[in-house]
Amino acid sequence: MSDNAELPDLRTVADYQFGAGAGAALFPPTEDVRVSRSTS
């Protein structure tokens, strides 16, 4: 599971890119979200 502090940022970016409500649809608050990052 990701740090909960990252979820609002992910939702904001999704809303910006895909429209209002996309962030909540892609990253629902009721489900665990795993965020992986790489340098490549």
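## Asp15 and its surroundings in a predicted model

Setting aside neighbours up to four places away in sequence, Asp15 makes contact with Ala20, Gly21, Ala22 and Gly23. Asp15 itself sits in helix 1, and its side chain reaches two backbone nitrogens: that of Gly21 at 3.2 Å and that of Gly23 at 2.7 Å.

Which side chain of opposite charge is nearest to Arg11? That is Asp15, at 7.8 Å. Arg11 is buried, yet has no salt bridge; the criterion for such a bridge is a nitrogen-to-oxygen distance within 4 Å. What does Arg11 touch instead, once residues up to four places away in sequence are left out? Its partners are Gly23, Ala24, Phe27, Pro28 and Pro29.

Glu6 is found in the segment before helix 1. Not counting residues up to four places away in sequence, Glu6 touches Val35 and Arg37. Thr30, for its part, lies in the segment after helix 2, which spans 22-26. Thr30 counts as exposed because its relative accessibility is 74%, and the exposed class begins over 50%.

| Pair | Apart in sequence | Apart in space |
|---|---|---|
| Asp15 and Ala25 | 10 residues | 9.5 Å |
| Thr30 and Ser40 | 10 residues | 30 Å |
| Glu6 and Val33 | 27 residues | 10.0 Å |

Asp15 and Ala25 are 10 residues apart in sequence and 9.5 Å apart in space, whereas Thr30 and Ser40, also 10 residues apart in sequence, are separated by 30 Å.

### The chain as a whole

How many helices and strands does the chain have? Its secondary structure comes to two helices and zero strands. Along the principal axes, the C-alpha atoms fill a box of roughly 30 × 25 × 15 Å. Of the 40 residues in the chain, 22% are buried. The chain exposes about 3,400 Å², and carbon and sulfur atoms supply 53% of that area.

An unreviewed UniProt entry lists residues 10-39 for "domain: tRNA-guanine transglycosylase patch-forming". In the model, the end C-alpha atoms of residues 10-39 lie 18 Å apart, and this span is 47% helix and 0% strand.

Definitions and conventions: Residues are numbered from 1 along each chain as its sequence is written. This is a predicted model: local features need pLDDT of at least 70, side-chain atom pairs count only at pLDDT 80 or more; totals for chains, interfaces and linings use all residues. Side-chain values use heavy atoms; hydrogens and water are left out. Buried means under 20% relative accessible area, exposed over 50%, partly exposed in between (1.4 Å probe, protein chains only). Lys and Arg count as positive and Asp and Glu as negative; His and the chain ends are not counted. Contact means heavy atoms within 4.5 Å. UniProt positions are given in the numbering used here, feature names are shortened, and annotations may be inferred rather than shown by experiment. Helices (H or I, at least four residues) and strands (E, at least two) are DSSP runs, numbered from the N terminus. Accessible areas come from the Shrake-Rupley method with a 1.4 Å probe; for residues, only the protein chains shown count as cover. A polar contact is a pair of N or O atoms within 3.5 Å; within protein, one must be able to donate a hydrogen and the other to accept it, and residues adjacent in sequence count only if both atoms are side-chain atoms.
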